[in-house]
Amino acid sequence: MAAPDDGADGDEPLLAVEDLTTVFHTDKETIRAVDGVSFEVSEGETVGVVGESGSGKSVTARSILGLIESPGTIESGSIRFRGEELTGGNWERHRGDLSIVFQDPINSMNPVYTVGNQIREALRIHQGLRGQAAREEAVRLLEAVGIPDARRRVGEYPHQFSGGMRQRAVIAMALACDPDLLVCDEPTTALDVTIQAQILELLDDLQREEDLAILFITHDMGVIEETADRVNVMYAGEVVESAPVETLFDGPAHPYTRGLLASIPGRTATGDRLPTIEGEVPTPTESASDCRYAPRCPDAFDACERVHPEHVRVGPDQTAACLLHEEVRPRPDGRGDRGRRRRRRGRRG
Amino acid sequence: MSRSDAPAGDGAAPDGTDGTDADGAQRDPLVEVRNLKKYYEDDGFLTGDPVKAVDGVSFDIRKGETLGLVGESGCGKTTLGRTILGLESATDGEVVSDGREVARLSGKQLREWQRDAQMVFQDPEASLNDRMTVGEIIREPLDAHEQGTKAERKERVFELIDLVGLNEEHYYRYPHQFSGGQRQRIGIARALALEPEFMVLDEPVSALDVSVQARVINLLEDLQDELGLTYLFIAHDLSVVRHIADRVAVMYLGDIVELGDTEAVYNDPAHPYTVSLLSAIPGSHTGTDRDRVTLRGTPPSPRDPPQGCRFATRCPARVRPAAFADLPETAWDGIDALDTVLRERASLEDGLTDRLRRSLGLAADANDIDEVVADLFGWHPGEQSPQEGEGPLTSEARAAVEDAVRFARRGEDEEAAAVLREAFGSVCNRERPEAHVVDGDGRTSACVRHTDEYDSPAAAIDERYARRDD
């Protein structure tokens with residue numbers, strides 16, 4: 001992992017995850033679902049985490065929200081929000097500052113309460129709003145997430161909403177906490193592509209209007225390309241590559257990222273066979289002493305099975321954990337590591 | 001996969017033609033679907049309208065081709081696939097293959113059809129029996145159709161296991177010991193057991209990760225080349241369909257709106273729904289240069305589909321009445337939104353409290369329609385008569401909106417929607433469009449804008465976006 005800032009300069013990012021390790025204990029073994037993950041999210045920025053199932057991306061999201069329950073536990077590492085450590089039970093003090101939207105909207109809502117009821121509850125807890133004020137704010141939020149006829153629909157139950165409308169309502173509930181950071185865990189995966197386009201547009205608008213930071217977790221490379229400013233690619237519990245979105249898509253540095261991008265239909269000429277990655281994503285149970293991707297990697301060589309690759313800088317703002325790139329490490333006699341860049345990128349559009 | 005249907009000579013076809021059967025002739029149809037309908041009636045004594053899952057579609061599936069079938073969830077694509085196979089009985093219309101009319105088959109002929117046509121299901125978790133070994137699962141259709149001796153069947157299973165890229169040792173294992181991609185291979189092996197010539201693949205790779213998905217897609221393509229299979233490939237992932245399908249059919253609310261050569265459809269979609277659908281694919285490598293056309297709302301219920309064109313309620317190119325030609329785009333946004341609100345109100349069942357309040361003479365939130373109108377058009381119909389030029393509506397348009405609001409205040413949402421559509425509707429809301437041939441390869445698109453009377457859908461969409469930007 002690239003060395004994080006020491007934070008003494010008062011330039012602490014909104015969220016700093018450092019060397020996060022979340023494990024699950026089973027009778028047989030300990031599964032290292034998230035194994036030494038580091039990244040940052042600045043205010044108003046969208047950071048993407050992309051990976052296949054089993055890569056640990058959702059566990060990363062849940063760890064940040066403090067939603068890891070037994071048999072899982074955050075074994076080590078730190079999660080700082082505005083410079084304040086969250087691990088060790090400090091989530092309560094930031095309950096409303098971080099909010100999450102899950103993949104499946106129907107499971108995020110209580111079927112026996114009206115949508116308005118659930119939004120008002122969040123408003124009461126997080127913003128202390130009650131009565132008429134809470135009612136008005138609930139309607140405003142539903143309107144803000146693009147639900148037509150909000151005044152009437154606020155009194156309806158989740159089952160009366162369509163899938164896309166439900167996800168909008170869940171986003172409204174998340175916004176009722178007035179968060180600074182919205183964690184979106186596959187928020188559009190259960191939705192059709194036209195509805196997905198609406199939700200992505202909505203998130204983009206909300207980010208601009210409310211100056212939200214978004215941590216966007218998905219398996220869909222197309223979605224990540226559309227939403228994220230910066231992308232972290234996860235594989236078997238680790239971040240293997242981190243780069244601004246254009247850099248990642250124009251010049252992926254890690255063989256896994258390259259393989260992943262190539263295997264998506266539509267990026268290869270139609271009629272050609274799709275390039276594939278052989279083998280399966282492993283489930284890490286030991287701390288890494290080698291490259292976890294090596295058994296599937298077309299570019300692997302001897303050292304890949306003995307050495308655990310650290311992140312090396314491969315471009316101005318791009319790092320990859322791969323031995324192939326060892327040689328472009330800043331020379332020790334040179335100016336060396338100029339310290340981690342944290343230039344805020346202008347938002348698109 | 002061969003693409004021998006592609007027009008020769010212009011060299012524009014970017015796809016690799018493997019040339020195995022490049023005789024250039026248009027292939028014969030293997031399955032002919034004619035005016036097929038599948039309605040689901042409610043059981044019970046107070047039956048409402050039936051769900052019109054498939055509502056009169058006609059097309060051919062040609063020998064040896066992969067026909068892609070795309071559309072949003074609930075558009076009827078799975079029902080269509082199942083009805084073609086005879087897994088659902090058709091309400092009307094027919095499916096003909098090799099002179100056999102599938103819906104009327106029975107006895108020996110039915111068993112033949114069930115052997116010739118197979119299905120691969122989406123969910124490899126749910127479609128395999130966890131109490132049977134892989135060998136038993138793949139052998140089951142052979143047993144059911146009493147093919148050969150026991151030893152021969154076993155032999156055949158090992159062949160199939162090899163064919164789909166699994167190992168012999170997998171014969172004695174159980175499905176839960178396999179990953180999603182391997183399970184899908186088991187499902188494919190089972191479907192291949194009886195040497196079918198036609199397979200309906202219902203979202204076969206949707207549950208898989210991209211790297212696994214790529215391998216299953218390659219397998220399906222190899223099997224097609226090797227065994228000369230014909231596929232109906234149902235998927236919501238438009239990129240996957242572009243990769244695998246020779247031709248593609250686009251479905252919306254029980255109807256096929258466009259059908260043609262895959263590359264032609266993706267490069268230059270004809271129907272406004274196809275235009276919108278393709279433009280919604282996220283990411284940059286989508287092949288369309290067009291700006292995103294974001295559709296409003298969700299598809300209407302198939303229980304109560306719109307009259308006229310099914311897509312009219314969301315269409316970005318809907319024909320508008322000449323009387324309101326001068327209304328700005330913002331006014332149309334408002335009118336369309338109001339239509340959606342009224343439709344949704346009309347289709348929702350009232351809660352108990354609403355009914356109680358009405359029976360007590362307390363109109364349920366009678367005035368909130370005024371709020372909606374105020375939000376949409378910046379003028380409150382209950383309070384004051386607006387000044388000329390206030391809001392985006394002309395006085396004629398405002399009068400029409402007021403007519404509709406009068407009904408809505410009384411809770412008569414359906415009538416209100418009808419009044420609104422009477423004023424602002426057009427041919428699109430009245431007539432179901434027929435399929436027009438739109439290119440030299442026989443591509444069809446069901447939109448009234450393909451007649452000489454109107455601008456093309458793409459031109460209409462572009463013009464409206466340009467007006468919006470002004």
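Analyst: Helices in this predicted model are DSSP runs of H or I with at least four residues, strands are runs of E with at least two, and both are numbered from the N terminus. On that basis, B:P196 belongs to the loop between α5 (180-192) and β7 (198-202) of chain B.

User: Why is B:P196 counted as buried?

Analyst: A residue is buried if 20 or more other C-beta atoms lie within 10 Å of its own. B:P196 has 20 C-beta neighbours inside 10 Å, and therefore it counts as buried. Leaving out residues up to four places away in sequence, B:P196 touches B:R115, B:D116, B:A117, B:Q118 and B:A191. As for B:I281, it is 85 residues from B:P196 in sequence, and the C-alpha atoms of the two are 34 Å apart in space.

User: What makes B:D98 count as partly exposed?

Analyst: The class of partly exposed lies between the two limits, 12 or fewer neighbours for exposed and 20 or more for buried. B:D98 has 13 C-beta neighbours inside 10 Å, so it counts as partly exposed. B:D98 sits in the loop between β4 (92-97) and β5 (100-101) of chain B, and although it is not a glycine, its phi is positive, near 55°.

User: How do you know whether B:L253 is buried or exposed?

Analyst: The limit for buried is 20 or more other C-beta atoms within 10 Å, and since B:L253 has 26 of them, it is buried. B:L253 lies in the loop between β9 (247-252) and β10 (255-261) of chain B, and here too a residue other than glycine has a positive phi, near 50°.

User: Why is A:I195 called buried, and which residues does it touch?

Analyst: With 24 other C-beta atoms within 10 Å, A:I195 is buried, because the limit is 20 or more. A:I195 is part of helix α6 of chain A, and, residues up to four places away in sequence not counted, it touches A:G163, A:G164 and, from the other chain, B:T298. Between A:I195 and A:H219 there are 24 residues of sequence separation and 17 Å of space, C-alpha to C-alpha.

User: What makes up the side of chain A that touches chain B?

Analyst: The contact takes 42 residues from chain A and 44 residues from chain B. On the side of chain A, at least two residues each come from α4 (150-153), α6 (193-210), α7 (221-227) and α9 (255-262), and α6(A) supplies the largest share, eight residues. By class, that side of chain A has 14 nonpolar, 15 polar and 13 charged residues.

User: Why is α2(A) called roughly perpendicular to α3(A)?

Analyst: The axes of helix α2 (residues 115-127) and helix α3 (residues 131-144) of chain A come within 9 Å and cross at roughly 115°. Angles of 65 to 115 degrees count as roughly perpendicular, and therefore α2(A) is roughly perpendicular to α3(A). The crossing of α2(A) and α3(A) is right-handed. Its contact is made by A:G116, A:I119, A:R120, A:L123 and A:R124 of α2(A), together with A:A134, A:R135, A:E137, A:A138 and A:L141 of α3(A). By class, these residues of α2(A) and α3(A) are five nonpolar, one polar and four charged.

User: Which residues touch the most other members of the largest nonpolar core?

Analyst: A nonpolar core is a set of buried nonpolar residues joined through C-beta atoms within 7 Å. The largest such core has 194 residues, and A:L142, A:A172, A:L215, B:L232, B:F233 and B:V250 touch the most other members. Helix α5 (residues 163-176) of chain A gives the most to this core, with nine residues. A second, separate core has 22 residues, among them B:I335, B:L342, B:I369 and B:A404.

User: What percentage of the residues in chain A and in chain B is buried?

Analyst: In chain A, buried residues make up 50% of the 349 residues, and in chain B they make up 46% of the 470 residues. Chain A has nine helices and twelve strands, whereas chain B has 16 helices and twelve strands.

User: Where is the cis peptide bond that involves A:P71?

Analyst: The cis peptide bond joins A:S70 and A:P71, with omega about 10°, and A:P71 lies in the loop between α1 (57-65) and β4 (72-81) of chain A.

Note on methods: Residues numbered from 1 in each chain as written. Chains lettered and ligands numbered in written order. Predicted model: local features only at pLDDT ≥ 70, side-chain atom pairs only at ≥ 80, totals over all residues. Contact = placed C-beta atoms within 7 Å. Nonpolar A, V, L, I, M, F, W, Y, C, P; charged D, E, K, R; others polar. Axes fitted to C-alpha atoms, helices over the stretch in contact; angles between N-to-C directions. Parallel < 35°, antiparallel > 145°, perpendicular 65-115°, else oblique. Left-handed = near helix turned anticlockwise from the far one by under 90°.
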